[in-house]
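User: I would like to go through this structure term by term. Please set each value against its definition.

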Amino acid sequence: MEMVAKEKNPLWIARELARCSGCRKCEIACSLFHEKRIWPEASRIRVFMLVPGAEFPHFCAQCEGYPCVEACPVKALTVSDETGAVLVNAEACTACGKCINACPGKIPHMHPTEKHILICDLCGGKPQCVKVCREGEWNVLKKVTRKDRAYHLYARKPEEITRDLCARFYGDKGEEFL
Amino acid sequence: MIKGYARKLLEVNLSTREIKETTLNDSILEAYVGGRGLAANILWDRLGSKWEVVEPLRPENLLLFLTGPLTGFFPGGRICVSGKSPQCNGVVGSTVGGEFGPELRCAGYDGILVAGESKKPVYLFIKDSDVEIRDASHLWGKDAKQTMTLLTRECRNSLKKRYPLYGEWKEPAMLYIGPAGENRVRTAVVAAKWSHAAGYGGYGAVMGSKKLKAIAVKGTGPLPDVADIKKVEKLIQEVCDNAYRSVLWRRWGTGAAGYEVGAKTSSEPVRNWQEEWHDE
């Protein structure tokens with residue numbers, strides 16, 4: 001690791017979930033950046049479609065307090081000073097799954113073949129998912145400066161988000177599709 | 001070895017409940033590419049000698065779900081359903097969009113071949129190389145939304161139970177039939193999501209005759225190796241840029257062609273092609 005003091009540039013990805021069309025371009029961009037191949041299940045951002053029409057991206061919200069980092073028994077998770085993202089030390093991680101349970105949205109998931117957890121690292125300050133989402137003008141994701149806000153409210157379980165989106169799109173009938 | 005393919009075909013015989021994988025030949029893949037072409041080749045190989053006597057709605061017919069080399073690389077997401085068609089007794093390649101194609105490729109297969117006929121209603125659950133034939137009597141008779149809801153819940157619960165440490169499971173992709181397919185209506189579709197259907201050829205009836213209610217697939221692997229990933233990235237980028245620039249397609253989708261061509265050449269399919277325009 002270089003020991004050069006890097007500029008502090010905490011960022012956050014603002015999300016407008018109802019605009020998501022479910023094109024999954026973000027999954028492709030994420031896996032190409034991190035795994036050098038197209039691998040939707042190893043992507044740090046995953047698009048859920050528990051009910052057709054109610055697609056949304058599900059990824060780390062970097063809540064203040066970082067409950068996943070707190071919960072890690074082997075200190076494999078750290079918070080990046082530079083971006084505010086959670087970084088995973090893949091060698092130290094034992095794949096115990098404690099961070100998943102600590103996360104209010106159950107957002108982290110295991111790597112399909114390796115034994116370590118996957119959490120969004122904001123691509124070191126240049127999130128690829130935001131880039132492709134804005135290129136396609138879906139505008140679900142937007143890069144903003146991280147402020148002192150209640151970001152943990154955005155870390156929600158897929159079922160909860162789906163329920164809200166269904167209520168928004170389908171009204172009272174939305175409940176029965178879950 | 002040819003790149004861009006998983007080179008594996010999943011063969012399921014519902015009569016004997018036998019599941020096996022066969023390797024697809026490089027020369028065949030090169031000559032027939034995938035989808036409709038590969039379907040024609042497989043049907044010729046296996047049913048060619050007795051084509052005249054094969055009844056589309058009898059167990060001897062084959063039902064094929066095939067992908068091509070580009071399936072999963074961004075713009076390509078379609079899967080081809082084929083077999084001997086109950087509508088015309090010929091081979092029809094009927095395609096449907098949705099997540100099924102990419103998920104099947106992630107599970108490590110290029111296609112599924114379903115043979116035989118089950119006695120009870122069943123559905124097929126594929127999680128990478130774990131393939132199960134599961135009972136579907138509780139789904140028989142259900143329509144699209146009910147089937148999707150019940151099956152998504154059931155599959156995610158079973159995945160969660162089997163892999164408790166994985167985290168949240170994404171939903172599996174599904175192809176299913178509704179009551180029309182179950183009752184062997186010869187125009188029945190094989191459907192994906194709520195409103196996407198492989199409509200040509202009436203393969204819903206073939207699926208219904210095999211008592212196969214649905215296929216759910218969850219793949220956790222990567223897409224097959226390609227010769228040059230940089231070129232694939234460039235290709236994806238170019239195709240997307242092209243699509244993003246086109247205002248017509250963005251705004252109207254494929255409906256644009258119907259309107260543009262139909263209105264300009266006075267060939268709107270009004271009253272099932274009996275009239276050329278509405279009076280109002």
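User: At what angle do helix H1 and helix H4 of chain A pack, and how far apart are their axes?

Analyst: This is a predicted model, in which local features need pLDDT of at least 70, side-chain atom pairs count only at pLDDT 80 or more, and totals for chains, interfaces and linings use all residues. Residues are numbered from 1 along each chain as its sequence is written, and chains are lettered from A and ligands numbered from 1 in the order in which they are written. Helix H1 (residues 25-35) of chain A packs on helix H4 (residues 128-135) of chain A at about 145°, with the axes 8 Å apart. Axes are lines fitted to C-alpha atoms, for helices over the stretch in contact, and angles run from 0 to 180 degrees between N-to-C directions. Helices are DSSP runs of H or I with at least four residues, strands runs of E with at least two, numbered from the N terminus.

User: Which residues of H1(A) and H4(A) make the contact?

Analyst: Two residues are in contact if their C-beta atoms, placed from the backbone, lie within 7 Å. On H1(A) these include Cys26(A), Ala29(A) and Phe33(A); on H4(A), Cys129(A) and Val132(A) are among them.

User: What makes chain A as compact as a globular protein of its length?

Analyst: Its radius of gyration is 16 Å, close to the 16 Å that the globule rule gives for 178 residues, so chain A is that compact. The radius is taken over C-alpha atoms, and the rule is 2.2 Å times the number of residues to the power 0.38.

User: How many helices and strands does chain A have?

Analyst: Chain A has 5 helices and 8 strands, in the order β-α-β-β-α-β-β-α-β-β-α-β-α.

User: How many residues does each chain give to the contact between chains A and B?

Analyst: Chain B gives 24 residues and chain A 27.
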